[in-house]
Amino acid sequence: MMSDSSAATVVETPFRAFICIVCSFIYNEAEGWPAQGIAPGTRWEDVPDTWECPDCGVTKADFEMIQL
């Protein structure tokens, strides 16, 4: 029998959000962007580098993480 102190601890990282610095579009990891094939729960680092902002067309390089 495992004691509570020896059980593996799973720490879930909260979902984050990123804002386009050009047009203020917000990509929320929890919501994804299904219209462009990005499933809910997709982490920012897993969004393809070729992905473009749906509102203004800039790339991921023009997004910054924001606090929700």
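Predicted model: local features only at pLDDT ≥ 70, side-chain atom pairs only at ≥ 80, totals over all residues.
**View 1. The three-stranded sheet.** Here's an open sheet of 3 strands in the order β2-β1-β3, paired antiparallel. β2 and β3 are its edge strands, each pairing on one side only. On average, neighbouring strands are turned by 30° against each other, direction ignored; the axes are lines fitted to C-alpha atoms, and angles run from 0 to 180 degrees between N-to-C directions. Strands (E, at least two residues) are DSSP runs, numbered from the N terminus, and two of them pair if DSSP finds at least two bridges between them.

**View 2. β1 and its two partners.** Strand β1 covers residues 17-20 and pairs with β2 over 3 bridges, in the antiparallel sense. On the other pairing, 4 bridges join β1 to β3, again antiparallel. Ala 17 stands opposite Asn 28 in β2, while Ile 19 has Ile 26 as its bridge partner there. β1 and β2 make a hairpin with 5 residues between them, and Ser 24 in the turn has a positive phi of about 75°.

**View 3. The largest nonpolar core.** This one has 11 residues in all, including Phe 18, Cys 20, Phe 25, Tyr 27, Trp 44, Trp 51 and Phe 63. A nonpolar core here is a set of buried Ala, Val, Leu, Ile, Met, Phe, Trp, Tyr and Cys residues joined through side-chain atoms within 4.5 Å. Val 47 belongs to the core too. Skipping neighbours within four places in sequence, Val 47 is in contact (heavy atoms within 4.5 Å) with Tyr 27, Ile 38, Thr 42 and Lys 60.

**View 4. Arg 43 in its loop.** Arg 43 sits in the loop between β2 (26-28) and β3 (63-66). Arg 43 counts as buried because its relative accessibility is 19%; buried means under 20% relative accessible area, exposed over 50%, partly exposed in between (1.4 Å probe, protein chains only). A polar atom of the Arg 43 side chain lies 3.0 Å from the backbone oxygen of Pro 14. Leaving out neighbours within four places in sequence, the contacts of Arg 43 are Thr 13, Pro 14, Phe 15, Arg 16 and Glu 29.

How values were computed
Residues numbered from 1 in each chain as written. Heavy atoms only, no water. Polar contact = N/O pair within 3.5 Å; in protein donor to acceptor, adjacent residues only side chain to side chain.
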